[in-house]
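This briefing summarises the computed geometry of one protein model.

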Amino acid sequence: MTAALLEQCPVRRPDLQLAPGVLRDAAMVYVVKDGRSGNLYEVGAREHFVLARLDGAATLEEIGAAYAQHFDRRLNERSWQQLLGLLGSRDMLVTGRSAGQAPASRQRARTSGVLSGQMVMGHPSATLHALNRRLGPLLRWALVPLVIGVGAAQVVLLSHLAELISESRLVYGQPELVPIVFGLLWFGMLLHELGHGLSAVHFGGDATEVGLRWRLPIIGLYCTVEGVPLFQRRWHRIATAGSGLLVDLAFEVPFIVLWLVLPAGDVTRTATAALLLLTTGRVLYNLLPLPPLDGYLMLGYALNISRLATGSRIYLGLLVRRRAARRDYPRRAAAAYIGYFTLFSLAGLAAAAAMCWPILLWLPAPYDWLAFWTERLTHHG
């Protein structure tokens, strides 16, 4: 290897953001964000090791020695040229081209149809940044009392769950309450999504848009958050994924108080009971470790594993077919993927039971329709 090459001190662009590594399948991957174009790149552990040390002070010889010690393998001249060529082709190094105009950010094409699609309702970035400047210091010291208060409110709600279920069924006899209940429910869903956005902004990310997304028969709101994989602390990522659930529980608190103070039989109390029950059901549903729900994201961030469901499916396929590639997986990854498959199966059964639960509990005389059709079919036969 030529001495001239080893004496070079390449410098990575200062506006590049290097994310901590996450496990995907059997290997660690690292996200790199281009600060000018906003493009995201993924590199392997070896490329990240070198890129993180291209600070302009260390020579390639010094980096190569550290690389050999860490990976037990030396980089020859051809490997250096390929690696530096790859980083240069992605404009990650300080060169003459880096001083020019920033490359355009690649926009993902969007299509919307009747069965699936999305509609952008607004761009909340500026509003959320302003809220974070005003509420950020308040949230730091108020978060613990908020969690305690929310927890106490949930204890009260669960202790009156049977009464709430009984009262919520009265909504069917008062159809004028349905638009009010579902209007408040959708407002709570909007606050849920903005909670994700505010949390992302607070930890250094951004929230670019909020809107309506549908894949019939499922319709829901969404908030696009950016920069979460770049958070250096794992709990910041977990908190961003779970902040919407905390907003849901906080949203319930005034309605729990309202329900407690209103007299039995009051029409507002009936609507409040239905709203609380629906919101609680949505919280429990979002806690399920099923993609793309909040519980799934929180579990993936906690395990520091990217695309947990896909990785689990791939690993179990290798395991069932006894492919040699399964041996490349670290023990932690193998245990996580098998554990997730088990948890996914149980959560799927719980979700199916939860979908049947309102039918059995809310409909007036829930078994009458079954008895009616059984009698008709028997009579007809």
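The accessible surface of the protein chain comes to about 22000 Å², by the Shrake-Rupley method with a 1.4 Å probe. Carbon and sulfur atoms hold 64% of that surface. The model is predicted: local features need pLDDT of at least 70, side-chain atom pairs count only at pLDDT 80 or more, and totals for chains, interfaces and linings use all residues. Residues are numbered from 1 along each chain as its sequence is written, and side-chain values use heavy atoms, with hydrogens and water left out.

**Fold**
- The protein chain contains 13 helices and seven strands, taken as DSSP runs (helices H or I, at least four residues; strands E, at least two).
- Of the 381 residues, 39% are buried (under 20% relative accessible area, 1.4 Å probe, protein chains only).
- Among contacts (heavy atoms within 4.5 Å) with a separation of 6 or more, 69% join residues 24 or more positions apart.

**Second largest pocket**
- This pocket has a volume of about 940 Å³ and is lined by 32 residues.
- Leu139, Leu143, Ser243, Leu246 and Val247 lie nearest its centre.
- Helix 5 (125-159), helix 7 (178-202) and helix 8 (234-261) are the elements giving two or more residues to the lining; helix 5 gives the most, with 11 residues.
- A pocket is an open set of points on a 1 Å grid over the protein atoms alone, where a 1.4 Å probe fits, with protein on both sides within 12 Å along at least five of seven lines; lining residues have an atom within 4 Å of a point.

**Thr59**
- Thr59 is found in the loop between helix 2 (45-52) and helix 3 (60-71), and is buried, with a relative accessible area of 17%.
- Leaving aside residues up to four places away in sequence, Thr59 touches Leu6, Glu7, Gln8 and Cys9.

Technical notes: Buried means under 20% relative accessible area, exposed over 50%, partly exposed in between (1.4 Å probe, protein chains only). Grid points are joined across faces, edges and corners, and a volume is the space filled by probe spheres set on the points.
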